[in-house]
Amino acid sequence: MALGYVRPARPEDAGEIAHIQLATWRVAYRRILPRHVLDNLDEAYLARRWSAAVQEPPSGAHRVLVAVEQAEQSYLVGFVASGPADAESLAPNEPAEALGPDVVAVTDLLVEPRWGRRGHGSRLLAASVDLWREDGFGRAVAWAFDADPATRKFLTTAGWEPDGAARALDVDDMLVNQLRLHVAVSADDPAPAD
């Protein structure tokens with residue numbers, strides 16, 4: 001019987017986080033992002049960025065959590081990264097103060113596809129919500145690709161909904177549409193559903 005749990009990322013997890021990101025993007029986004037962009041992603045570069053995010057976060061409210069599946073061995077199977085909403089959280093032409101200081105942004109929430117549908121995403125999200133509440137955040141936002149129904153379904157099932165903001169990312173001269181979802185996370189609100 002396999003057990004799953006969530007814990008804060010450690011410096012030695014950076015390489016595995018990068019591997020999960022790369023593997024997940026190459027499967028989940030192969031029809032969304034240009035193939036050559038996915039093929040040219042550098043796992044060592046991603047690992048260095050994740051190492052910095054884990055060891056030197058911009059604030060105590062910036063966090064990287066990992067999902068672990070434990071059977072005969074333990075496997076890192078997913079991760080979530082979040083922090084106070086910043087300019088990357090904004091829609092085009094949205095004023096800097098639009099989201100406010102009580103808004104947290106999810107920058108990444110990925111579970112490697114071969115470990116999907118085992119509750120890891122829900123555990124990552126629930127653990128994040130608990131920490132966001134401790135930090136005093138009242139609302140969370142996340143960008144999702146228009147062409148990624150799995151992520152949108154996962155978030156909307158957990159109580160997230162589009163907030164009306166949209167943007168198009170320029171990925172090597174190809175515009176990739178995204179929409180922003182949000183959810184209330186204050187202690188007065190019920191926890192998001194699994």
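Tutor: Let us begin with burial: a residue is called buried when its relative accessible area is under 20%, exposed when it is over 50%, and partly exposed in between. The model discussed here is predicted. Under that definition, Trp50 and Phe79 are both buried.

Student: Why is the pair of Trp50 and Phe79 called edge-to-face?

Tutor: Two aromatic rings pair if their centres lie within 6.5 Å, and planes over 60 degrees apart count as edge-to-face. The ring centres of Trp50 and Phe79 are 4.9 Å apart and their planes stand at 70°, so the pair is edge-to-face. Trp50 belongs to helix α3 and Phe79 to strand β3, so this pair ties together parts 29 residues apart in sequence.

Student: What makes the pair of Trp25 and Tyr29 tilted?

Tutor: Planes under 30 degrees apart count as stacked and those over 60 as edge-to-face, with the rest tilted. For Trp25 and Tyr29 the centres are 6.0 Å apart and the planes meet at 50°, so the pair is tilted. Ring pairs also link Trp25, Tyr29 and Phe145 into a cluster.

Student: Is Trp25 to be called buried or partly exposed?

Tutor: Trp25 has 21% relative accessibility and therefore counts as partly exposed. Tyr29, at 9%, counts as buried.

Student: How do you know that the charge of Arg167 sits over the ring of Trp143?

Tutor: One criterion is that CZ of Arg be within 6 Å of the ring centre. The charged end of Arg167 is 4.0 Å from the centre of the Trp143 ring and sits over that ring.

Student: What makes β1 and β6 edge strands?

Tutor: The open sheet has seven strands in the order β1-β2-β3-β4-β5-β7-β6, with mixed pairing. β1 (3–8) and β6 (161–171) each have a single partner strand, so one side of each is left without a neighbour in the sheet.

Student: How do you know that β1 and β2 pair?

Tutor: Two strands pair if at least two bridges are found between them. β1 and β2 (residues 63–70) have six bridges in the antiparallel sense.

Student: Why is β2 called largely enclosed?

Tutor: Six of the eight residues of β2 are buried, so the strand is largely enclosed by the rest of the structure. Helix α3 (residues 43–55) lies across β2, β3 and β4, running at about 110° to β2.

Technical notes. Residues numbered from 1 in each chain as written. Predicted model: local features only at pLDDT ≥ 70, side-chain atom pairs only at ≥ 80, totals over all residues. Heavy atoms only, no water. Helix = DSSP H or I, 4+ residues; strand = E, 2+ residues; numbered from the N terminus. Contact = heavy atoms within 4.5 Å. Axes fitted to C-alpha atoms, helices over the stretch in contact; angles between N-to-C directions. Buried < 20%, exposed > 50% of the residue type's maximum accessible area, 1.4 Å probe, protein only. Lys NZ or Arg CZ within 6 Å of the ring centre and 35° of its normal.
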